Amino acid sequence: MKISHDSDVIEIDGPPQFEYGQKVRSLRLIRNDGTFPGKEIGEVLVNKGDVGYVTRIGTFLQQFYIYGVDFYETGHVVGMKARELETMEQN
């Protein structure tokens, strides 16, 4: 399995783009890569446009922030990169 690096930029040199509790929308379809328990590899976890809330902020490869997003309608908490999310206005 080949690891794809998004860029040479070290995202974690700056603050996270999203905050705990922030409402976000998925910009991409996300499938299980084998790390989501109880779901088959390739099974859809998040559809483009799904809405959730940031519940965790971690890092990956000492380069990227990973946001644990609770997609409350499906009950899935999925780790996503900032480029896979957009902010939704809080109403």
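**Start at two tyrosines**

Select Y65 and Y67: both are buried, where buried means under 20% relative accessible area, exposed over 50% and partly exposed in between (1.4 Å probe, protein chains only). Before moving on, note that this is a predicted model, in which local features need pLDDT of at least 70, side-chain atom pairs count only at pLDDT 80 or more, and totals for chains, interfaces and linings use all residues. Residues are numbered from 1 along each chain as its sequence is written, and side-chain values use heavy atoms, with hydrogens and water left out.

**Aromatic pairs**

Rings of Phe, Tyr and Trp (its six-membered ring) pair if their centres lie within 6.5 Å; planes under 30 degrees apart count as stacked, over 60 as edge-to-face and the rest as tilted. How many aromatic pairs does this rule count? The count comes to 3.

Select Y53 and Y72. Their ring centres are 5.8 Å apart and the planes stand at 40°, so this pair is tilted. Y53 lies in strand β4 and Y72 in the loop between β5 and β6, so the pair ties together parts that are 19 residues apart in sequence. Strands here are DSSP runs (E, at least two residues), numbered from the N terminus; helices would be H or I runs of at least four. Y53 is partly exposed, at 30% relative accessible area. Y72 is partly exposed too, at 43%.

Return to Y65 and Y67. They form a tilted aromatic pair, 6.3 Å centre to centre with 40° between the planes.

Switch to cartoon view. An open sheet of 5 strands runs in the order β6-β5-β4-β1-β7, with antiparallel pairing. Two strands pair if DSSP finds at least two bridges between them. The edge strands are β6 and β7 (85–87), and each pairs on one side only. Neighbouring strands are turned by 45° against each other on average, direction ignored. For that angle, axes are lines fitted to C-alpha atoms (for helices over the stretch in contact), and angles run from 0 to 180 degrees between N-to-C directions.

Colour β5. It is mostly covered, with 6 of its 8 residues buried.

Select β4 (residues 51–60) with β5. The two run antiparallel, joined by 7 bridges. G58 has I66 of β5 as its bridge partner, and F60 has F64. β4 and β5 form a hairpin with 3 residues between them, and L61 in that turn has a positive phi of about 55°.

Next, select β5 with β6. Here 5 bridges join the antiparallel strands.

**H76**

Zoom in on H76, found in strand β6. Buried or exposed? At 10% relative accessibility, H76 counts as buried. Its side chain reaches the backbone oxygen of L45 at 3.0 Å. Leaving aside neighbours within four places in sequence, H76 is in contact (heavy atoms within 4.5 Å) with F36, K39, L45, V69, D70 and F71.

Select G52, in strand β4. G52 is buried, with a relative accessible area of 0%. Residues up to four places away not counted, G52 touches Q22, K23, V24, V69, D70, F71 and Y72. Draw a C-alpha to C-alpha distance from G52 to V69: 5.9 Å in space, 17 residues in sequence.

Finish at G21, in the segment before β1 (23–26). G21 is partly exposed, with a relative accessible area of 41%. G21 and V54 are 33 residues apart in sequence, yet 5.1 Å apart in space, C-alpha to C-alpha.

Terms used: A polar contact is a pair of N or O atoms within 3.5 Å; within protein, one must be able to donate a hydrogen and the other to accept it, and residues adjacent in sequence count only if both atoms are side-chain atoms.
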